Amino acid sequence: MIRIDQLDALRPTYDVVVVGAGPAGLAAASTAAAHGLEVLLVDEAASPGGQIYRAITENPVQDRAMLGEDYWKGTAVAEGMLASAVHYLPGAVVWHLDRQRQIGLSLAGRAATLTARRVVLATGALERPFPVKGWTLPGVMSVGAAQTMLKASGMVAQGRVALVGSGPLLWLLASQYVAAGHPPTAILDTTPAGNWRQSMTVLPGFLRSPYFRKGLRLMLRVRRAVKIISGITEFAIEGSEAHAATIVYRRGQGAPERMAVDQVLLHQGVTPNVNLANAAGCALAWNDAQACFSPEADAWGRSSIDGIVIAGDGAGIAGAEIAALRGHLAGLDAACALGRIGLSARDRLAAPLRAELEVYGRGRDFLDRLYRPADNFRLPHDEALACRCEEVTGRQLRELAALGVPGPNQMKAMSRCGMGPCQGRLCGLTVVETIAAARGISPAEVGYYRLRTPVKPLTVAEMASMPRQASDVKAVIRV
């Protein structure tokens, strides 16, 4: 691995540029470099691993059992990249990608552009918004944020901690807290009762998958140590500007109940991070099974734009193991497309990877059906901030939708939803599904935000630092 710490050290062109150093990005970069390609791996974090294997090369946690063996598998994945010929640029932001595969980067207050013969987007997943009343109060954070604190700093939420929502990550964090000696006070499970009935039809495949025994052990550990409250149909958080103090919930059709809390950790699954692919012009499609938009991609991860490939959870949520396998496939296909190996060699090397994909994919339908978030929790409470950047409430969204706003781009013009620093990452699905519910149509018919450069915030000083070359100027003006 060749570490790059300043933009001046970058080459103007690379064979392959990989965006994201999680399981998929690490695998894609290592595989492409192993076949003699000049590869640049760009990531926003200071060390490799992504969200799944965050801080894997410098983790402060001493007790391996706390994070679980699945986390520590990331050591081998990261070391594979570190031992390769990959050029590695950590701490950098990718704010531009276009159809010509020109890429805009910023690092340490400076910006630059370069081009790639092939781009692999391994941008991973984002936590789905959970826009309930009180979700912006101090003391409330996502399960993913709490897990980041645990991995990066060895810190756990203190006091009376309630985990609320559904999905594998929620149960994983609860298990890790139990192993750390700080079990949550309670888990409020919002999984709809009907999901269990729908998932039973694909249960046999799940029982034959690697997820079954792993998930069973995890849930048994949690249930022995944590109070589980199931069947949550309504939920809100009350408190002051200083902190959250009480959660109010309803089980089924029962009466409202209250619980005093110090910390609330919310989660209802993850969705692909599509912003960079979207801004580049890659086609998106509504994935009803996972209730989100995903880039259109073939079996090799090729998007609708020639030379841009989507790998890992950014192409559809499937977990760390499948993300890494998709990354290896993307790396093999890059080597083939750029003339390093032939089609027969690519397919031969891909065959064992596809066999593993089949094994890990067996349980995916079951997990998607079981943990599909409840409709009412995907829509914003009237008093909740649906768009946190621009402080637009659920009530305001509904009022505008009632006026006939047809889609998220028009909603953006009327309310500024999606115009903040996150560029819709935190509100996109909320806005789309609120419009769909108001108009009585599917999110697929509503469509998603039409995003443009810069995908991430870019300062005027960073723009001014760019070399005065025609290609660089066009890259900025074209936005």
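User: What does Val39 touch, not counting residues up to four places away in sequence?
Analyst: Val39 touches Tyr14, Val16, Val18, Ala29, Ala32, Ala33, Val86 and His87. Contact here means heavy atoms within 4.5 Å.

User: What are the ground rules for this model?
Analyst: This is a predicted model: local features need pLDDT of at least 70, side-chain atom pairs count only at pLDDT 80 or more, and totals for chains, interfaces and linings use all residues. Residues are numbered from 1 along each chain as its sequence is written, and side-chain values use heavy atoms, with hydrogens and water left out.

User: Which residues touch the most other members in the largest nonpolar core?
Analyst: Val16, Val39 and Leu41 do, in a core of 73 residues. H11 supplies the largest share of this core, 10 residues. A nonpolar core is a set of buried Ala, Val, Leu, Ile, Met, Phe, Trp, Tyr and Cys residues joined through side-chain atoms within 4.5 Å. Buried means under 20% relative accessible area, exposed over 50%, and partly exposed in between (1.4 Å probe, protein chains only).

User: What other core lies apart from it?
Analyst: Another core, of 54 residues, lies apart from the largest one. Its members include Val17, Val42, Ala280 and Val392.

User: Switching to charges. How many salt bridges does the structure hold?
Analyst: There are 27. A salt bridge is a side-chain nitrogen of Lys or Arg within 4 Å of a carboxyl oxygen of Asp or Glu.

User: What does Arg118 pair with?
Analyst: Arg118 forms a salt bridge with Asp333, and their closest N and O atoms are 2.9 Å apart. The pair links distant parts of the chain: Arg118 is in strand S7 (residues 110-121), Asp333 is in helix H11 (residues 320-337), and 215 residues separate them. Helices (H or I, at least four residues) and strands (E, at least two) are DSSP runs, numbered from the N terminus.

User: Is Arg118 buried or exposed?
Analyst: Arg118 is buried, and so is Asp333.

User: And what about Arg416, which residue is its salt bridge partner?
Analyst: Glu390, with the closest N and O atoms 3.0 Å apart. This pair also links distant parts of the chain, 26 residues apart. Arg416 sits in the loop between helix H16 (408-415) and helix H17 (428-439), Glu390 in the loop between strand S21 (385-387) and strand S22 (392-393).

User: Why does Glu390 count as partly exposed?
Analyst: Because its relative accessibility is 24%. Arg416 is partly exposed too, at 41%.

User: Which residues do shared partners join into one network?
Analyst: Salt bridges with shared partners join Arg118, Asp298, Arg302, Asp333, Arg346 and Asp347. Within it, Asp298 forms a salt bridge with Arg302, the closest N and O atoms being 3.4 Å apart.
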